[in-house]
Amino acid sequence: MPEYSRKRVLIVVRTYPIPAKTGVEVSCTAAITDAGQFVRLFPVPYRFLSTDKRFRKYQWIEVDTTPAKDGRVESLKIRGDSIQIVSDELSTHDHWKARKDYVFPLRSPSLCYLKRQRNTHGHPTLGVFKPKSIKRLLIQASDSTWTESQLGILRQGDLFQDGPQGELEKVPFKFKYEFTCEDSECAGHALSCTDWEMGESWRRWSEKYGESEWENKFRLRYEREMIDKYDTHFYVGTVHQHPAEWIIVGLFYPTRSPQAGLFDCE
């Protein structure tokens, strides 16, 4: 039996759920420890958690953890029933200062930098950085239904008495950002984004605005405003099955302040 230790962490990333054998459906969840380190928590079957354990982003939680065996040093296996929420969400006042105090010390200069570090040292496999420029958001049609094997996993949820009322809806699109980063050798990047907020926005807005109008609302929020309005940063992580592949797992988008463009990274 693995030994578990109690950790206090600030939740900063939650992705849209996907079917997973380890927990029926799970969300990639990233956090910052009270010692100022990135960690990846799993399995987190969010919709199957009891109401008192359903944390929000930028809340502190305490949870029992043990090192995972997925080859990524930041990965921790958790006991879901040990989750305890210990704070309200950190404030967004003053251009998200309370959140920046924990996130900005972990910023990297660029995605190119993170890739070089991982390729050389095997880590990090989680990071956050500010892109030099965001060119556009690509919205690409994807499969509209789960595969038979994925459905089989999801329908194991019937065994859970306190599981969600409805089956997990598949988002029939892939969202991808094209951008450049602050690196003299950067030739540009195109990374998929699996942020939970984007998936939920599609669900709500496709129902509210219909097939012909949801994309305009979506692009205003996740393309124009991320480019023009916010001081947008990307949380990124590597894919377990493809260690050299990076994806955007979350967005950090404080309102712009006069100091937003200043960034030193030693």
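Start by selecting Glu197 and Lys57, whose side chains meet in a salt bridge with N to O at 2.8 Å; the term stands for a side-chain nitrogen of Lys or Arg within 4 Å of a carboxyl oxygen of Asp or Glu. Before you go on, note that this is a predicted model, where local features need pLDDT of at least 70, side-chain atom pairs count only at pLDDT 80 or more, and totals for chains, interfaces and linings use all residues. Residues are numbered from 1 along each chain as its sequence is written, and side-chain values use heavy atoms, with hydrogens and water left out.

Back to the pair: Glu197 sits in helix α4 and Lys57 in the loop between β5 (38–42) and β6 (60–67), 140 residues apart, so this bridge links distant parts of the chain. Helices (H or I, at least four residues) and strands (E, at least two) are DSSP runs, numbered from the N terminus. Glu197 and Lys57 are both buried, a word for under 20% relative accessible area, while exposed is over 50% and partly exposed lies in between (1.4 Å probe, protein chains only).

Next, select Lys130 and Asp231, another salt bridge, with the closest N and O atoms 2.8 Å apart. Is Asp231 buried or exposed? Asp231 is buried, because its relative accessible area is 1%. Lys130, at 24% relative accessibility, counts as partly exposed.

Now show Arg6, Glu62, Asp64 and Arg79 together: salt bridges link them in a network. The count of salt bridges comes to 19.

Which residues of α4 and α5 make the contact? Among them are Met198, Trp202 and Trp205 of α4, and Trp214, Phe218 and Tyr222 of α5; contact means heavy atoms within 4.5 Å.

Finally, look for the largest nonpolar core, which has 55 residues. Such a core is a set of buried Ala, Val, Leu, Ile, Met, Phe, Trp, Tyr and Cys residues joined through side-chain atoms within 4.5 Å. Select Tyr177, Phe218, Tyr235 and Leu251, the residues with the most contacts inside this core. Strand β14 (residues 242–252) gives the most to this core, with 6 residues. Apart from it lies another core, of 14 residues, including Ala31, Val39, Leu49 and Leu76.
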